[in-house]
Amino acid sequence: MTQKPSSAFIAASWVALVTGAIGYLIGLWRAEMLLNEKGYYFTVLMYGLFSAIALQKTVRDRLEAIPVTDIFYGICWFSTVLSLVLLAVGLWNATILPSEKGFYAFAFLLALFGAITVQKNIRDSLNAEKNV
């Protein structure tokens with residue numbers, strides 16, 4: 001039996017996702033970078049969000065005995081780690097202030113956390129409704 005998440009946790013998850021993603025994107029919009037650099041960081045954010053959600057889903061599927069192939073499970077882990085590495089390498093080599101680097105790193109991690117928890121809350125809510 002799955003318990004429906006509280007309204008406070010659902011709201012906090014959405015706030016984390018929106019704050020992280022919008023903050024990151026506003027930072028990119030206002031940054032004094034070349035367009036191709038902005039495109040790189042935007043792509044890393046989108047890739048990270050997608051891979052984190054896919055990883056959360058595959059981990060949960062396995063816990064609930066829903067079949068997930070080993071190759072897909074491995075690709076999800078690899079993609080999530082790769083998105084973190086791509087961000088880290090990009091920030092390491094970026095010619096921006098250390099405070100800006102920290103801002104992008106924390107906004108990225110907040111957005112990933114928010115995406116994972118929003119997806120989890122949606123799944124928990126649907127499962128709770130099915131079991132009623």
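A polar contact is taken here as a pair of N or O atoms within 3.5 Å, where, within protein, one atom must be able to donate a hydrogen and the other to accept it, and where residues adjacent in sequence count only if both atoms are side-chain atoms. By this criterion the side chain of threonine 58 reaches the backbone oxygen of leucine 55 at 2.9 Å. The structure is a predicted model, in which local features need pLDDT of at least 70 and side-chain atom pairs count only at pLDDT 80 or more, while totals for chains, interfaces and linings use all residues. Residues are numbered from 1 along each chain as its sequence is written, and side-chain values use heavy atoms, with hydrogens and water left out.

The secondary structure of the chain comes to four helices and zero strands, helices (H or I, at least four residues) and strands (E, at least two) being DSSP runs numbered from the N terminus. Read along the sequence, the pattern is α-α-α-α, and the C-alpha atoms fill a box of roughly 55 × 35 × 20 Å along the principal axes. Of the 132 residues of the chain, 39% count as buried, where buried means under 20% relative accessible area, exposed over 50%, and partly exposed in between (1.4 Å probe, protein chains only). Among contacts, defined by heavy atoms within 4.5 Å, residues 24 or more positions apart account for 75% of those in the chain with a separation of 6 or more. The chain exposes about 8300 Å², of which carbon and sulfur atoms supply 74%; accessible areas come from the Shrake-Rupley method with a 1.4 Å probe, and for residues only the protein chains shown count as cover.

Helix H1 has 24 residues and reaches 34 Å from its first C-alpha to its last, close to the 34 Å expected at 1.5 Å a residue, the expected span being 1.5 Å times one less than the number of residues. Buried positions of H1 include Ser13, Leu17, Gly20 and Tyr24, and the buried residues of this helix pack against helix H2 (35-63), helix H3 (70-93) and H4. The elements that give two or more residues to the nonpolar patch are helix H1 (7-30) and helix H4 (98-130), and H1 gives the most, with four residues. Valine 18, found in helix H1, counts as partly exposed at 43% relative accessibility.

Threonine 58 lies in helix H2 and counts as buried at 2% relative accessibility. Leaving aside neighbours within four places in sequence, threonine 58 is in contact with Val68, Phe72, Tyr73 and Cys76. Alanine 105, in helix H4, counts as partly exposed at 23% relative accessibility, and it touches Leu87 and Leu91 when residues up to four places away in sequence are not counted.

The structure holds seven salt bridges, each defined as a side-chain nitrogen of Lys or Arg within 4 Å of a carboxyl oxygen of Asp or Glu. Arginine 123 counts as buried at 12% relative accessibility, as does aspartate 61, with a relative accessible area of 6%.

Within helix H4, lysine 120 forms a salt bridge with aspartate 124, the closest N and O atoms being 2.3 Å apart; being four residues apart, lysine 120 and aspartate 124 are separated by about one helical turn. Lysine 120 counts as partly exposed at 31% relative accessibility, whereas aspartate 124 counts as buried at 6%. Lys57, Arg60, Asp61, Glu64, Lys120, Arg123 and Asp124 are linked in a network of salt bridges.
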